[in-house]
Amino acid sequence: MGVVYRFYINPFYHVTKITTDFTVYRRISPNDYRDFPKCPIFIEDKLPLSITFSCKHESSAFDLHYLCTPHDFKEMTKDIKKKLQEWAKTYHCADFIQNDPVQFPHRYQQKQDIEISGLLTAIMSFGNRKQILKKADELHDCMGTSPYQYVLSRRWEKDFPVEERRSFYRMLSYADFHSYFERLHTAYSDYDSLEDALQVYPGKPMEKLCRFLEVSYKSPQKKLNMFLRWMIRKGSEVDFGIWESFDCRDLIIPLDTHVCRVACLLELTETETFSLKNAQRITAALAEVFPDDPCFGDFALFGYGVNNK
């Protein structure tokens, strides 16, 4: 079949036209070229390979040029696919909730309460698990029975003073949480839900949320991708699936040490680098096993990793 390439394109660009100087040998996915950025593809001939994409990003149209070089690529074996399916089924269960930060938004029934609790809990989800749960519990004690009413009431201005630079959790200060609450107050003053508020921003779910929070969408953003998984994945005992306007196929796996280690062990990726590119690469590999719900594979990688250190 000739030289085999596997490459990934930034999913935040909408590809409207593709002009190439190579022959497409076989597609992994039957989707049309509009879904091309999500899928690895096999090609043959021409080395090195130069590809020109005519893209439209926001309001500007421009050409992107990629120079792709070959590297060894092993198709995922049936054994690895079976392992991923079995592990996902094992760890994707209600028992997962009790020791995970997702337990906090599960305290609530109202959509807005779940959104606020989920976002702030996810933002805190780094470091020692016991400390995460302890400080998240403290935060929820402040917010009380309804995080939504807490945000609208502006009681957070007293609990989290804007001038207070003291740490609330690790490098997150009281002032940082003041900023988060201020942003949420603005969103819920103008929109019915955070889901609605994000619709004014362009891009995929991660890019929308990063724009809302004014953080970089060029980094892996493990915590935000975890929150998005909670909100978007449907039919789950763990995730909520309350954001109807988003597609779980657009999610990116929350990249942490356990996910990286197990993905590398299974040769879903060649590196344990914490980068957006690597998160996209692992997500694309999982899409070969779970094409309609790639982040279902997060339960396989994370669940197996945290239980088999």
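Mentor: Two rings of Phe, Tyr or Trp (its six-membered ring) form an aromatic pair if their centres lie within 6.5 Å; planes under 30 degrees apart count as stacked, over 60 as edge-to-face and the rest as tilted. This is a predicted model, in which local features need pLDDT of at least 70, side-chain atom pairs count only at pLDDT 80 or more, and totals for chains, interfaces and linings use all residues. Residues are numbered from 1 along each chain as its sequence is written, and side-chain values use heavy atoms, with hydrogens and water left out.

Trainee: How many helices and strands are there in the protein chain?

Mentor: Helices (H or I, at least four residues) and strands (E, at least two) are DSSP runs, numbered from the N terminus. Under that rule, the protein chain holds twelve helices and seven strands.

Trainee: What percentage of the 309 residues in the protein chain do buried residues make up?

Mentor: A residue is buried at under 20% relative accessible area, exposed at over 50% and partly exposed in between, with a 1.4 Å probe and protein chains only. Of the 309 residues in the protein chain, the buried share is 50%.

Trainee: How many residues apart in sequence are the parts tied together by the pair of Phe160 and Tyr174?

Mentor: Phe160 and Tyr174 form a tilted pair, 5.6 Å centre to centre with 35° between the planes. Phe160 lies in the loop between helix H5 (156–159) and strand E6 (167–169), and Tyr174 in helix H6 (residues 174–190), so the pair ties together parts separated in sequence by 14 residues.

Trainee: What is the angle between the planes of Phe227 and Trp243?

Mentor: Phe227 and Trp243 form an edge-to-face pair, 5.5 Å centre to centre, with an angle between the planes of 85°. Because Phe227 lies in helix H9 and Trp243 in the loop between H9 and helix H10 (257–265), the pair ties together parts 16 residues apart in sequence. To end on the value requested, the angle is 85°.

Trainee: Which helices do the buried residues of H9 pack against?

Mentor: Nine of the eleven residues of H9 are buried, so this helix is largely enclosed by the rest of the structure. Among them is Phe227, with a relative accessible area of 0%. The buried residues of H9 pack against H2, helix H7 (194–198), helix H8 (205–213) and helix H12 (297–307).

Trainee: Are H2 and H9 roughly parallel or roughly antiparallel to each other?

Mentor: Axes are lines fitted to C-alpha atoms, for helices over the stretch in contact, and angles run from 0 to 180 degrees between N-to-C directions. Angles under 35 degrees count as roughly parallel, over 145 as roughly antiparallel, 65 to 115 as roughly perpendicular and the rest as oblique. Helix H2 (residues 111–123) and helix H9 (residues 222–232) pack at about 155°, with their axes 8 Å apart. H2 and H9 are therefore roughly antiparallel.

Trainee: Which residues does Pro147 touch, not counting residues up to four places away in sequence?

Mentor: Pro147 lies in helix H4 (residues 147–153) and, at 0% relative accessibility, counts as buried. Contact means heavy atoms within 4.5 Å. Leaving aside residues up to four places away in sequence, Pro147 touches Tyr108, Asp113, Ile116 and Ser117.
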